Amino acid sequence: MVREVDYAPKPIDPDFLSKPQEYPETGKHHDHKILAEGIQREDANGNPYPTKLGIHGTHVGVDWETCIADGVCMDVCPTDVYEWAFVPGVKGTGNDKVMEKGSDDWNQYRTDKTDMVREVDCIDCMACEVACPTHAIKINVGVNV
Ligand code: SF4
């Protein structure tokens, strides 16, 4: 179940790995890379996103601007790659941390996010990429993590 947000999530750029100027590496989160965090990007309507979140992961890439806490990726993944970023150790639709409007978490993230904590376990089945209602996920087959 997607959470309500005040912007229009845009599908992840499927070519983000080949555009280092647009999506430079800006940090790490657990074992995965973050690209373009802190950089102002535009939503599906051409408006600036209210947050400046990046793309998490490389083999399993998730645009955290696009991810609005649906959780179906966790339900369909056969190898348990994902869990909630703000409820560590927990996965699944409806188990995300709900962020109260106006709170610090809301201001910074709007919603919980899916976290590819076991990115290395991805077997490229594509179930998450197909199922994501906002198209936040791009699986890059052959990219080592
Ligand atoms: S492609 Fe399959 S194995 Fe990889 S993260 Fe998505 S659902 Fe899990």
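## Quick briefing on the chain and its ligand

Of the 145 residues in the chain, 37% count as buried. Keep in mind that this is a predicted model. Three helices and seven strands make up its secondary structure, and a ligand sits in a shell of 14 residues. Below is a quick tour, from the overall fold down to one cysteine.

**Overall fold**

- Reading from the N terminus, the elements go β-β-β-β-α-β-α-β-α-β.
- The C-alpha trace spans about 40 × 35 × 25 Å along its principal axes.
- The radius of gyration is 14 Å, which agrees with the value near 15 Å that a compact globule of 145 residues would have.
- Take the contacts with a separation of 6 or more: 63% of them link residues 24 or more positions apart.

- Strand 3 (residues 55-56) pairs with strand 4 in the antiparallel sense, over two bridges.
- In that pairing, Ile55 has Asp63 as its bridge partner.
- Strands 3 and 4 make a hairpin with three residues between them, and Gly57 in the turn has a positive phi of about 85°.
- Strand 4 is also joined to strand 7 (residues 137-139) by three bridges, again running antiparallel.
- Here Gly61 is bridged to Lys138 of strand 7.

**Around the ligand**

- Cys77, Val81, Cys122, Cys125 and Cys128 come nearest to the ligand among the 14 residues around it.
- By class, the shell has twelve nonpolar residues, plus one polar and one charged.

**A look at Cys132**

- Cys132 lies in the loop that runs from helix 3 (127-131) to strand 7.
- Cys132 counts as buried because it has 23 C-beta neighbours inside 10 Å, and the cut-off for buried is 20 or more.
- Leaving out residues up to four places away in sequence, Cys132 touches Asp70, Val72, Cys73 and Ile137.
- Cys67 is 65 residues away from Cys132 in sequence, yet the two are 8.6 Å apart in space, C-alpha to C-alpha.

Notes:
Residues numbered from 1 in each chain as written. Predicted model: local features only at pLDDT ≥ 70, side-chain atom pairs only at ≥ 80, totals over all residues. Near = placed C-beta within 6 Å. Nonpolar A, V, L, I, M, F, W, Y, C, P; charged D, E, K, R; others polar. Helix = DSSP H or I, 4+ residues; strand = E, 2+ residues; numbered from the N terminus. Rg over C-alpha atoms; globule rule 2.2 N^0.38 Å. Buried ≥ 20, exposed ≤ 12 C-beta atoms within 10 Å, placed from the backbone. Contact = placed C-beta atoms within 7 Å. Pairing = 2+ DSSP bridges.
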